[in-house]
Amino acid sequence: MFFTRTQKYQFPVPQETFRNRLIGNHLTIHNLDFEIYEYGHKITIVPHAENVKDLTTLPITDVAMQEDGNATRITITSKMRKIDYGGPLLVILFCAFLLIAGVILFFVGGEPQISYTMLALCTLVFTIFWVRLELGYFDYVRKIRNYIKSRV
């Protein structure tokens with residue numbers, strides 16, 4: 001939903017060659033191991049997070065391939081693990097509540113300082129949240145995408 005990223009590319013490599021370059025490899029990002037394996041007609045990249053003690057949000061990436069003559073069209077879809085989805089969703093709901101409450105209080109005619117405080121708090125929390133996502137979750141997504149593109 002909010003955290004799913006999809007990129008589409010076309011590579012001048014046959015599908016089987018591209019598949020063989022990825023399957024069975026391991027990718028290490030920030031001292032975390034990602035395994036690449038085939039699941040049905042897709043290639044899946046899954047983190048090994050059994051020994052991770054930190055609170056991290058990690059992506060699961062699916063690589064769908066489609067033969068197009070002598071080239072391969074690739075769709076890379078990264079989505080958040082279901083186990084990690086609760087925390088970011090709570091932060092977004094909290095920010096939405098603060099935003100709605102601040103706007104309602106502003107138009108109802110209450111204390112404008114309270115409205116401005118709620119809107120500022122909403123902006124601050126969401127900014128910190130988004131920066132943390134960019135440095136964590138979306139960094140993993142970018143590095144996985146770059147790894148796939150480098151395997152051509």
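Helices and strands are here runs assigned by DSSP and numbered from the N terminus, a helix having at least four residues and a strand at least two. The structure is a predicted model. In this model, glutamine 15 lies in helix α1, which covers residues 15-22. Glutamine 15 has a relative accessible area of 14% and is therefore buried, since buried means under 20%. Apart from neighbours within four places in sequence, glutamine 15 touches Met65, Gln66, Glu67 and Thr72.

The largest nonpolar core contains 21 residues. Within this core, Phe18, Phe34, Val63 and Ile148 have the most contacts. Two or more residues each are given to the core by α1, β2 (26-29), β3 (32-39), β4 (42-47), β5 (59-68), β6 and α4. The largest share, 4 residues, comes from α4. Phenylalanine 34 is in contact with Asn25, His26, Leu27, Ile29, Ile45, Val46, Pro47, Pro59, Tyr140 and Ile144, when neighbours within four places in sequence are left aside.

Most residues other than glycine have a negative phi. Histidine 30 is located in the loop between β2 and β3, and its phi is positive, near 50 degrees, although the residue is not glycine. Asparagine 31 is found in the loop between β2 and β3 and has a positive phi of about 60 degrees, again without being a glycine. Histidine 30, at 47% relative accessibility, counts as partly exposed, whereas asparagine 31, with a relative accessible area of 80%, is exposed.

Strand β6 covers residues 71-80 and contains threonine 75. The relative accessible area of threonine 75 is 24%, so this residue is partly exposed. Leaving aside neighbours within four places in sequence, threonine 75 is in contact with Thr6, Gln7, Lys8, Asp62, Val63 and Ala64. Threonine 75 and arginine 5 are 70 residues apart along the chain, and their C-alpha atoms are separated by 10 Å.

Helix α2 consists of 23 residues, 86-108. From its first C-alpha to its last, α2 reaches 32 Å, which is close to the 33 Å expected at 1.5 Å a residue. Pro88, Ile92, Cys95, Leu98, Ala101 and Gly102 are the buried residues of α2. The cover over these buried residues includes β6 and α3. Just after α2 comes glycine 109, with a positive phi of about 100 degrees.

Helix α3 has 24 residues, spanning positions 112-135. The distance from its first C-alpha to its last is 35 Å, close to the expected 34 Å at 1.5 Å a residue. The buried residues of α3 are Ser115, Met118, Cys122, Phe129 and Leu133, and they pack against α2 and α4. One of them, serine 115, has a relative accessible area of 0% and is thus buried. Beyond its neighbours within four places in sequence, serine 115 is in contact with Gly102, Leu105 and Phe106.

The packing of α3 with α4 was then described. Two packed helices are characterised by the angle between their axes and the distance between those axes. Helix α3 and helix α4 (residues 137-150) pack at an angle of about 30 degrees, and their axes are 3 Å apart. This angle makes α3 roughly parallel to α4, because angles under 35 degrees count as roughly parallel. On the α3 side, the contact involves Trp130, Arg132, Leu133, Glu134 and Leu135; on the α4 side, it involves Tyr137, Phe138, Asp139 and Arg142. The residues of this contact comprise 5 nonpolar, no polar and 4 charged.

Valine 141 is also placed in helix α4. Its relative accessible area is 3%, so valine 141 is buried. With neighbours within four places in sequence left aside, the contacts of valine 141 are Arg5, Pro59 and Ser78. Between valine 141 and arginine 73 there are 68 residues of sequence separation, and the C-alpha to C-alpha distance is 19 Å.

Methods: Residues are numbered from 1 along each chain as its sequence is written. This is a predicted model: local features need pLDDT of at least 70, side-chain atom pairs count only at pLDDT 80 or more; totals for chains, interfaces and linings use all residues. Side-chain values use heavy atoms; hydrogens and water are left out. Axes are lines fitted to C-alpha atoms, for helices over the stretch in contact, and angles run from 0 to 180 degrees between N-to-C directions. Angles under 35 degrees count as roughly parallel, over 145 as roughly antiparallel, 65 to 115 as roughly perpendicular and the rest as oblique. Contact means heavy atoms within 4.5 Å. Ala, Val, Leu, Ile, Met, Phe, Trp, Tyr, Cys and Pro count as nonpolar, Asp, Glu, Lys and Arg as charged, and the others, Gly among them, as polar. The expected span of a helix is 1.5 Å times one less than its number of residues. Buried means under 20% relative accessible area, exposed over 50%, partly exposed in between (1.4 Å probe, protein chains only). A nonpolar core is a set of buried Ala, Val, Leu, Ile, Met, Phe, Trp, Tyr and Cys residues joined through side-chain atoms within 4.5 Å.
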